[in-house]
Amino acid sequence: MKRTLILLGLALCLLAGALTSFSSAAFTRQKSNPGNTFTAAADFCVGAGTQSITADRDAYVDANSQSTNFGSTATLFVKTKTLLSILDTRDRTLVGFTLPSIPSNCDLTAATLKLNASSATGGRTLVAQRATSSWTEGGVTWNNQPSVTNTNEASTSSGSGTVQWTVTAMVLSMYSGTNNGFLVVDSNENALLSLGSPQQFDSRTQSPSSVRPTLQLTFS
């Protein structure tokens, strides 16, 4: 009987040792887990990149011809008042774009409005604002020009060649609300001593196509 108990105890000790060894080995294999790996996608945004779209409507409005439409002209104007004229010589430019759909799982991370200045008055600050009411290329005049908001407006310096504004916040508002394009105006258009300060921009009817108003959008 005593011998049987000794053998039983020895067997239990051997079994406990085996279980300990097995648990340790199993734990080590689970911890390293070489056969089960997961690689996350580098980017879930489908269609990331930059797109440039051309304006599908543009016009300028003239305070001196308040009921006249200038939607078919090859040149767009931004102008201030002038001390040399009893007339109100202010001009403002409107440009609009059809926005593409935001690619799947992407965000709009940058938006830049670009106009080509064929002639410019130096030292001016030009402001792009978001239009908040509708307008048409063939119908807009000074008298019925759209309302605008100066929230998130963008400013840049005047000059010849490509003039651009960072309009990311405004375009995001267009995506989440209504898209009525932009109004471009001299920041101090009522300054009588500015002598008119004209800026001339190429419209969407100009050639080559590289000088037409564009909106550059970056998605990521």
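Thr 168 counts as buried, because its relative accessibility is 17% and buried means under 20% relative accessible area, with exposed set at over 50% and partly exposed in between (1.4 Å probe, protein chains only). The model is predicted, so that local features need pLDDT of at least 70 and side-chain atom pairs count only at pLDDT 80 or more, while totals for chains, interfaces and linings use all residues. Residues are numbered from 1 along each chain as its sequence is written, and side-chain values use heavy atoms, with hydrogens and water left out.

Thr 168 is found in helix H2, where helices (H or I, at least four residues) and strands (E, at least two) are DSSP runs numbered from the N terminus. Leaving aside residues up to four places away in sequence, Thr 168 touches Leu 108, Thr 109, Ala 110 and Ala 111, contact meaning heavy atoms within 4.5 Å.

The buried residues of H2, which spans residues 168-176, are Thr 168, Met 170, Val 171 and Met 174. They lie on the same side of H2 because they cover an arc of only 160 degrees around the axis, the arc being that of the directions from the helix axis to the C-beta atoms. These buried residues pack against strands S5 (108-119), S6, S7 (148-157), S8 (161-166), S9 (182-186) and S11 (214-219).

Strand S6, residues 125-131, contains Thr 125, which is partly exposed, with a relative accessible area of 35%. Not counting residues up to four places away in sequence, Thr 125 touches Ser 155, Thr 156, Val 185, Asp 186 and Ser 187. Thr 125 and Gly 159 are 34 residues apart in sequence, and their C-alpha atoms are 9.7 Å apart in space.
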